[in-house]
Every structure is written in structure tokens, then in C-alpha cells.
Amino acid sequence: MSQFDTLFDRKAGNARKWAESVLAKKFGLTPNAIPMDLADLDFPVAPPIHDAVMARAAVSDYSYTYIPDAFNETVIAWNARRFGLELEADWLKLSYGTVPTLHYIVQAFTAVGESVLINTPAYDPFAEAVEHNQRQLITSPLKLENDRYVFDFEDMADKMARPDVKVFILCSPQNPSGRVWTAEELEQVGDLCLQHHVLLVSDEIHRDIVYPGVHFTSIWQACPAIRDHSILCLSPNKAFNLGGLKTSYVVIPDAGIRDRLAQQFAANSITSPNSFAIPALIAAYTKCDAWLDEMVAYVADNFAYLRDRLAEIPEMQVMPAESGFLAWIDVRRLFADEAELKRFFTACDLSCVVGSYFVADGEGFVRLNIGMPRPLLKEALDRIFAIYATWHQKEAPQFTIQVQHPDD
Ligand SMILES: Cc1ncc(COP(=O)(O)O)c(C=O)c1O
């Protein structure tokens with residue numbers, strides 16, 4: 001039995017994903033719902049993180065903090081050890097969540113009315129970072145080839161050639177599909193940005209959860225020349241489930257880009273980190289390698305389990321994934337539209353993220369979070385099978401024999 005098999009009460013920690021009021025209001029679900037929407041893990045944090053936070057809590061001082069040198073040292077060591085990335089301390093800037101950071105990046109490197117390019121389907125806050133700041137969102141759809149997403153380089157080149165496109169936000173690995181881009185693909189992305197003088201922002205926060213046997217390549221390794229024209233967004237939030245601590249960081253080798261973003265941080269009054277952020281990050285990056293490897297292997301097995309079981313429902317095509325704890329499932333053949341998809345998952349008492357959330361090109365798909373104990377995943381799948389068994393019958397008109405039997 002794995003440590004990750006154990007059910008863990010997330011309602012006690014006010015987990016947003018498990019909030020009964022949200023599940024009822026947003027999805028029409030009961031208190032017995034299994035949430036599979038929001039992208040966090042249903043596992044307790046790694047014990048060293050718990051211990052570090054408890055030790056910090058025992059110090060009765062929760063006032064303003066500063067960033068100790070140990071932060072830089074830890075981040076540099078982690079990136080070198082796990083990813084072969086050689087970073088310098090000056091390049092690092094702590095930030096308070098990747099999503100707010102994307103907002104500041106958009107504010108800093110584009111003017112109102114200018115444009116930002118993203119690929120779709122996309123994690124919706126990418127679009128929000130653009131549109132909430134009155135910039136224009138330009139999308140380049142990913143193409144489906146052999147059941148996996150690939151870039152449409154021609155389309156991306158056309159769009160980057162537009163004078164108003166100043167920034168490209170790359171999602172690597174990709175959310176929602178879990179696709180890990182190859183070095184060749186990333187090199188082309190980097191070259192395009194260089195050619196068209198577009199600032200490349202690479203959100204690599206899912207890179208820590210790459211399945212055993214899959215190799216993750218950072219954009220800088222694939223295209224070294226892009227380093228001085230790019231920003232890397234990183235964070236322990238996904239892999240170590242620290243979203244509530246609002247801890248992330250950016251890596252920016254170019255001093256000009258770094259100073260410009262620092263000004264934007266100052267303009268938004270981004271100051272000292274919360275008291276628990278640095279101790280948690282340091283514990284995660286120094287004492288949790290074995291925990292992380294075990295967790296990733298467990299989630300990869302969850303993914304294989306889900307694929308095996310859903311293979312029995314031909315109208316639910318799970319896209320192969322190489323990373324992450326999110327399954328992206330093509331249900332175009334099962335449901336007439338998204339309204340029906342929602343009704344199905346409500347009947348299952350499961351929450352999910354419907355394809356239209358992903359800015360564009362996601363319709364007909366559903367994203368399910370499988371970062372949970374396998375017994376819970378089994379129960380969720382059992383519910384899907386139970387509802388599926390009767391779904392189309394339920395939807396079909398009910399026929400009764402109208403003709404009277406002559407003997408009656
Ligand atoms: C691609 C991507 N970027 C950023 C985030 C959120 O990051 P943070 O918690 O650091 O704001 C997510 C969360 O799902 C994500 O999928």
C-alpha cells in the first residue's frame with residue numbers, strides 16, 4: 001500500500017476544491033461529491049514541509065519578512081540537480097503566485113491595446129492576465145495530430161509577425177493536456193520569438209511532475225539564444241501542493257528585462273513574502289526528492305489506471321499525457337453539447353472542468369483532476385460507469401405501447 005492511497009480530509013483545511021457551498025452552487029453537487037476540477041492534489045504535503053511550517057509557526061513572529069540567501073541557494077541547487085539548469089542568484093525574483101506574476105509581466109512588457117499570443121486550449125488565467133489588463137489576446141490553436149497536440153508553427157509565425165504582438169506565453173508542459181514539448185519543438189518556438197522580437201514567457205510550473213521515463217527540456221536548453229529575451233516562471237506550488245502559500249519565482253537573466261519587471265512589482269507593492277513561504281519552499285527543494293518521485297510515479301499509475309478503465313467507454317478518449325495530474329478527455333462522441341456534458345457529471349456527483357473554460361478549441365473535451373488517492377479515483381470512475389450505463393437510455397424518449405392487444 002502506498003502512502004498516497006490514504007484518504008485525507010481536505011474539508012478541514014478549507015480547500016476550495018472541496019468546499020460544499022462551491023460544489024453545490026457551481027456544479028449542483030451534493031456533500032458526497034468528488035471534486036475533479038481545480039488543479040491541486042488530494043494528498044497531505046510531504047512530511048518535511050509540514051515539519052518546516054510547524055517549526056516556523058512555533059516562532060511567535062509573523063511580522064514582515066525578508067528573503068534569506070538560503071532561498072537563492074536552494075532554488076539554484078534544485079534547478080541544477082533536477083533539471084540541469086545553471087541559474088545565477090541575480091536572475092531570481094520571488095513572486096507571489098504565477099498567475100499574478102503573469103499579470104505584472106503583461107503590464108510591464110505591453111502597452112494597453114497591444115497583444116499577447118497564447119496557444120489554445122489554454123489555462124484560462126493566461127487569457128485573464130491579458131484581458132483584465134486591456135491588452136488584446138491573440139490565440140494560435142494547437143493542432144491535434146495522432147491524438148496529441150502539436151504547435152501550428154506557420155500560424156504562430158504569422159501572428160508573431162504582427163507588430164502589435166509583444167509577448168508569447170508558453171505553457172510547458174502544457175495544461176490541460178500534460179503534453180511535454182520536445183527539444184526540437186521548443187527550439188522552433190524560441191527561434192520564432194527571436195525572429196519576431198517577441199518576449200517569451202515560459203510557464204514551466206508543471207515540469208516537476210513529468211512521468212517516469214519522460215524527459216523534460218526547458219526552453220533555455222532547447223534554444224539557448226532565447227535566454228536573454230525570456231522570463232521563466234517557476235514554482236513549487238503544483239508538485240508540492242503549496243498553492244495556498246502563494247509562492248513562486250521568476251528567472252530573468254537579462255538585466256533590462258529584470259529591472260523592468262522589478263519596477264512593475266514595485267508599482268504593485270510586491271514586498272515581503274509570507275512567513276511560511278520560504279521555509280516551505282526550502283523544505284520542498286531540499287528534503288522531498290524521494291516524496292516527489294513517489295508521488296509522480298503514483299499519479300502516472302493513476303493516469304494509466306484511468307486510461308485502462310475508460311478504454312471500455314469508446315466515446316471517452318483520454319489523450320495520452322506525459323506529465324501532470326490532469327486528464328484531458330475527448331467526449332465529443334458522447335455528448336451533443338456542453339450542457340449535456342455538465343448534466344452527466346452532475347448526475348455522477350463529480351466536478352470537472354469543461355472544455356470551454358480553456359479559452360478556445362477545448363469544446364467537446366473535459367478535464368479531470370486525478371491527483372487523488374486511487375480508491376477515490378476508483379469510486380469516481382465507478383460513478384462514471386454507473387451513469388454511463390443508463391445515460392443514453394435516460395436521454396432517449398420513453399416509449400410505451402399504445403396499441404391495445406386484441407385479447408384485452
Ligand atoms: C500553467 C499554469 N500556470 C500557473 C498556475 C497557477 O500557478 P500559481 O498557483 O503559482 O498562481 C497553474 C495552475 O493550475 C497552471 O496550470
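**Helix packing and ligand shell**

In this predicted model, helix α6 passes helix α7 in a right-handed crossing. The pair formed by α3 and α11 instead shows a left-handed crossing, as α3 passes α11. The notes below take up each pair and then the surroundings of the ligand.

**Helices α6 and α7**
- Helix α6, which covers residues 153-160, packs with helix α7, residues 183-195, at an angle of about 20°, and their axes lie 10 Å apart.
- Because angles under 35 degrees count as roughly parallel, α6 is roughly parallel to α7.
- On the α6 side the contact is made by F153, M156, A157 and M160, while α7 contributes Q188, L192 and C193.
- Sorted by class, this contact of α6 with α7 holds six nonpolar residues and one polar residue, with no charged residues.

**Helices α3 and α11**
- The axes of helix α3 (residues 69-83) and helix α11 (residues 277-287) cross at roughly 30° and come within 9 Å.
- That angle makes α3 roughly parallel to α11.
- Eight nonpolar and two polar residues make up the contact of α3 with α11, and no charged residue takes part.

**Ligand shell**
- The ligand is surrounded by 13 residues, of which the closest are A39, G97, T98, V99 and N175.
- By class, the shell around the ligand divides into seven polar residues, five nonpolar residues and one charged residue.

Note on methods:
Residues are numbered from 1 along each chain as its sequence is written. This is a predicted model: local features need pLDDT of at least 70, side-chain atom pairs count only at pLDDT 80 or more; totals for chains, interfaces and linings use all residues. A residue is near a molecule or strand if its C-beta atom, placed from the backbone, lies within 6 Å of it. Ala, Val, Leu, Ile, Met, Phe, Trp, Tyr, Cys and Pro count as nonpolar, Asp, Glu, Lys and Arg as charged, and the others, Gly among them, as polar. Axes are lines fitted to C-alpha atoms, for helices over the stretch in contact, and angles run from 0 to 180 degrees between N-to-C directions. Helices (H or I, at least four residues) and strands (E, at least two) are DSSP runs, numbered from the N terminus. Angles under 35 degrees count as roughly parallel, over 145 as roughly antiparallel, 65 to 115 as roughly perpendicular and the rest as oblique. A crossing is left-handed if the near helix is turned anticlockwise from the far one by less than a right angle, and right-handed if clockwise. Two residues are in contact if their C-beta atoms, placed from the backbone, lie within 7 Å.
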